[in-house]
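I opened the model to look up its secondary structure, its surface and its charged pairs. My entries are below.

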Amino acid sequence: MLELTFLRNDRFERKDRFGVVLPHPLDIRSNVRTKPPVFLDDFFRGRPPSEKESLQMLEVRSSWQFQEEAQLLEERSNLVIEKLKSEKEKFIRERDVALSQRNAAFAERDIALAERDMYRRKLAHVIRYPWKHAGKFIRRKKTNV
């Protein structure tokens with residue numbers, strides 16, 4: 001897009017007061033941040049750029065390139081952060097599964113140990129106090145007196 005301002009001939013007596021300046025020094029900037037800066041060719045200017053214009057254009061181009069590189073770096077770092085987060089979540093899930101499996105194995109072992117201990121306690125009680133459990137092991141005939 002090229003913006004021009006036309007001056008009417010009937011409004012100005014001296015035409016040499018306004019020289020054509022393309023591009024205007026205030027227009028040497030990047031208007032769209034997502035697009036690289038575009039400058040007029042020598043064909044539109046009618047002359048090569050002055051040293052000041054060349055420095056301004058170089059500054060705008062380098063600034064845009066710096067912003068692009070910073071944005072790419074930020075996107076890459078965000079990708080790395082997301083990857084690390086997903087790996088961390090995966091590790092946590094795997095750890096939780098392993099812990100739950102280990103806890104289930106411990107629970108099964110604890111149940112087996114408790115059952116074995118209960119059996120041993122009952123057996124020890126029977127061995128210590130056989131007269132209390134004699135009715136359970138010896139069948140006696142009931143007699144009516």
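The entries go from the whole chain to single side chains.

Ground rules. I am working from a predicted model, where local features need pLDDT of at least 70, side-chain atom pairs count only at pLDDT 80 or more, and totals for chains, interfaces and linings use all residues. I number residues from 1 along each chain as its sequence is written, and side-chain values use heavy atoms, with hydrogens and water left out.

Fold. I looked up the secondary structure and found 3 helices and 0 strands (DSSP runs, H or I of at least four residues for helices, E of at least two for strands, numbered from the N terminus). Read from the N terminus, the order is α-α-α.

Contacts. I took contacts (heavy atoms within 4.5 Å) between residues at least 6 apart in sequence, and 43% of them join residues at least 24 apart.

Surface. I noted an accessible surface of about 14,200 Å², with 57% of it on carbon and sulfur atoms (Shrake-Rupley method, 1.4 Å probe; for residues, only the protein chains shown count as cover). Of 145 residues, 8% are buried (under 20% relative accessible area; exposed is over 50%, partly exposed in between; 1.4 Å probe, protein chains only).

Charged pairs. How many salt bridges does the structure hold? I found 2 (a side-chain nitrogen of Lys or Arg within 4 Å of a carboxyl oxygen of Asp or Glu).

R95 pairs with D96, with 3.2 Å between the closest N and O atoms. R95 is partly exposed at 40%, and D96 is partly exposed at 37%.

R109 pairs with D110 at 3.5 Å, N to O. I logged R109 as partly exposed at 45% and D110 as partly exposed at 40%.
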